[in-house]
Amino acid sequence: MISYILSIITSITALTVGTFFLGADKLMIVDFAFFWGLICMTVGACFYVLQTGFLDLFFEGFKKLSAVAVPKSRSFIETDKQLKKDPSLMAWKQSVFLKGKSLFLGIGSGMMLFSFTSLLFI
């Protein structure tokens, strides 16, 4: 939660300072902030969906299709099973999803907030 709020504040601060020093067309900067905010929010939503495991069944189907098309050796199958059971790898994946989600959603929220508030003062 703190990293989410920190990324919002950082993105708003960077955009405000950039707008002040660039001296470019303010409406263009607001448009770009809104556009990149939408992109960051979309990437953050993708991290959220992947973290929940909603698409695991979908990805398992593709793994089964690839197993039919390309045969795997027994050692590769055993290594794959061990990696699925590895708790440190699972914890690392969850931390990457959590950090990516909070970073992208925070930056996207900050950019969207900047663009909405900037429209009030243009």
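The legends below describe close-up views of a predicted model.

Residues are numbered from 1 along each chain as its sequence is written. Because the model is predicted, local features need pLDDT of at least 70 and side-chain atom pairs count only at pLDDT 80 or more, whereas totals for chains, interfaces and linings use all residues, and side-chain values use heavy atoms, with hydrogens and water left out.

**View 1. The edge-to-face pair of F35 and W36.** The structure holds six aromatic pairs, where rings of Phe, Tyr and Trp (its six-membered ring) pair if their centres lie within 6.5 Å, and planes under 30 degrees apart count as stacked, over 60 as edge-to-face and the rest as tilted. One of the pairs joins F35 and W36, whose ring centres are 5.3 Å apart and whose planes stand at 75 degrees, so the pair is classed as edge-to-face. F35 is partly exposed, with a relative accessibility of 43%, and W36 is partly exposed at 43%; here buried means under 20% relative accessible area, exposed over 50%, and partly exposed in between (1.4 Å probe, protein chains only).

**View 2. The stacked rings of F47 and F104.** The ring centres of F47 and F104 are 5.8 Å apart and their planes are at 15 degrees, so the pair is stacked. Because F47 lies in helix α2 (residues 26–52) and F104 in helix α5 (residues 87–121), the pair ties together parts that are 57 residues apart in sequence; helices are DSSP runs (H or I, at least four residues), numbered from the N terminus. F104 is partly exposed at 27% relative accessibility, and ring pairs link F47, F97 and F104 into a cluster.

**View 3. The surroundings of G106.** G106 lies in helix α5 and, at 0% relative accessibility, counts as buried. Leaving aside neighbours within four places in sequence, G106 is in contact with Y4, S7, I8, S11 and K101, contact meaning heavy atoms within 4.5 Å.

**View 4. A nonpolar patch on the surface.** L27, F34, L38, F116, L119 and I122 form this patch, with about 550 Å² of accessible area together, computed by the Shrake-Rupley method with a 1.4 Å probe, for which only the protein chains shown count as cover for residues. Patch residues have over 30% relative accessible area and no salt bridge, and nonpolar side chains (Val, Leu, Ile, Met, Phe, Trp, Tyr) are joined within 5 Å, like charges within 9 Å; a salt bridge is a side-chain nitrogen of Lys or Arg within 4 Å of a carboxyl oxygen of Asp or Glu. Helices α2 and α5 each supply at least two residues of the patch, and α2 gives the most, with three. F34, found in helix α2, is partly exposed with a relative accessible area of 31%.
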